[in-house]
Amino acid sequence: MSDGGARPVRRRFVEGTTIEDLKAYMGPFAATLGYVFNTETDFVDEVLRSELEILEATGDVYCPCRVRTGDPKEDVRIICPCIPFHAEQFAAIRKCWCGLFIRTDVEDGADLLGVIEEPEPGAVIEVPVCRVADLPPGCVRHVKLGRADVALARVGDEFFALSNVCRHAFAPLADGVLEGYEVMCPWHGWRYDVRDGTTDHPDADVRTYPVAVRDGLVFVSVTIR
Ligand code: SF4
Ligand code: FES
């Protein structure tokens, strides 16, 4: 007999998924982005318990503190951990919206529970983008910073961040090849100096971002608009 056309619930997690399973799944990923679970363990369990209920009802671990729109393309931005989609905002408030995750440089997560201080336009925020160990020397990778697409390059033990968008025909520079301090665009070979974004082509330099390395993490500074 027909079920009236109802689509089956999509499942990424097996039946019987537990809070500990979610921790084991989310923790290592959040760590690569410079976040850990809140130091308030009861609060963490409470949020994850809500996520399990949402998983049961919807088939995925949507955020308990955000309203789903019903548009899958939009709602993918609030599947936990949603840190990569909101890196700029979370870096500014030093936690995710719910407070399930806090930045590694927050000592006491209790201080941030329920607190959201939006940064003033013009404020400079350091966003943790990856672990040092995750980007080997001579490599370049794409990171998303709010609306900005950034190419993060490592030359020896130095890190550089520049716009990921080639000014010739908009190729992603992070897909290019890094040779010394130059990244070569994957499409037509324009070269950009990762230190200052300059290229030989007139009026085609790309913007760069300040980078800092601390505690095994790479931070890129962005200005809140
Ligand atoms: S705001 Fe926090 S709890 Fe909510 S989906 Fe994002 S990471 Fe998960
Ligand atoms: S798109 Fe980069 S060189 Fe053409």
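This is a predicted model: local features need pLDDT of at least 70, side-chain atom pairs count only at pLDDT 80 or more; totals for chains, interfaces and linings use all residues.
Residues are numbered from 1 along each chain as its sequence is written, chains are lettered from A and ligands numbered from 1 in the order in which they are written, and side-chain values use heavy atoms, with hydrogens and water left out.

**View 1. Helix α1 and its kink.** The kink is at Met26, shortly before the proline Pro28, and amounts to about 30 degrees. Here the bend at a residue is the angle between axes fitted to the seven residues ending there and the seven starting there. Helices (H or I, at least four residues) and strands (E, at least two) are DSSP runs, numbered from the N terminus. Helix α1 covers residues 19–32, and its 14 residues should span 20 Å at 1.5 Å a residue, which agrees with the 20 Å between its end C-alpha atoms. That expected span is 1.5 Å times one less than the number of residues. Ile19, Leu22, Met26, Gly27, Ala30 and Thr32 are the buried residues of α1. Buried means under 20% relative accessible area, exposed over 50%, and partly exposed in between (1.4 Å probe, protein chains only). Their cover includes β1 (35–37), α2, β2 (101–103) and β3 (124–131). After α1 comes Gly34, with a positive phi near 90 degrees.

**View 2. Helix α2 from end to end.** At 1.5 Å a residue, the 18 residues of α2 should span 26 Å, and the 25 Å between its end C-alpha atoms agrees. Look for its buried residues: Phe43, Val44, Val47, Leu48, Glu51, Leu52, Ile54 and Leu55. An α-helix has 3.6 residues a turn, so residues three or four places apart point the same way. Among the elements covering the buried residues of α2 are α1 and β1. Just past the helix, Gly59 has a positive phi of about 95 degrees.

**View 3. Leu100 in the largest nonpolar core.** A nonpolar core is a set of buried Ala, Val, Leu, Ile, Met, Phe, Trp, Tyr and Cys residues joined through side-chain atoms within 4.5 Å. The largest one has 51 residues, and Leu100 and Phe101 touch the most other members. Helix α2 (residues 41–58) gives the most to this core, seven residues. Domain 1 (19–118) and domain 2 (125–223) each supply at least three residues to this core. Contact means heavy atoms within 4.5 Å. Beyond four places in sequence, Leu100 touches residues including Phe43, Val44, Val47, Leu48 and Cys80.

**View 4. The loop between α3 and α4.** Pro81 lies in the loop between α3 (72–75) and α4 (87–93), and a cis peptide bond joins Cys80 to Pro81, with omega about -5 degrees. Most residues other than glycine have a negative phi, and most peptide bonds are trans. Is Ile83, in turn, buried or exposed? Ile83 counts as buried because its relative accessibility is 3%. Setting aside residues up to four places away in sequence, Ile83 touches Ala30, Leu33, Tyr35, Phe90 and Phe101. Ile83 and Leu145 are 62 residues apart in sequence, with 10 Å between their C-alpha atoms.

**View 5. Where the two domains meet.** The domain bounds come from an automatic or database domain assignment. The centres of domain 1 and domain 2, taken over C-alpha atoms, are 27 Å apart. Twelve residues from domain 1 and 16 residues from domain 2 take part in the contact. Together the domains bury about 990 Å², 57% of it on carbon and sulfur atoms. Buried area is the accessible area (1.4 Å probe) that two parts lose on being put together, summed over both. Thr32, Glu88 and Arg103 supply 44% of the area that domain 1 buries against domain 2, more than any other three residues.

**View 6. Two loop residues with positive phi.** Phe170, in the loop between β6 (158–163) and β7 (177–179), has a positive phi of about 70 degrees although it is not a glycine. Phe170 is exposed, with a relative accessible area of 61%. Asp215 sits in the loop between β11 (211–214) and β12, and its phi is positive too, near 50 degrees. Asp215 is exposed, at 77% relative accessible area.
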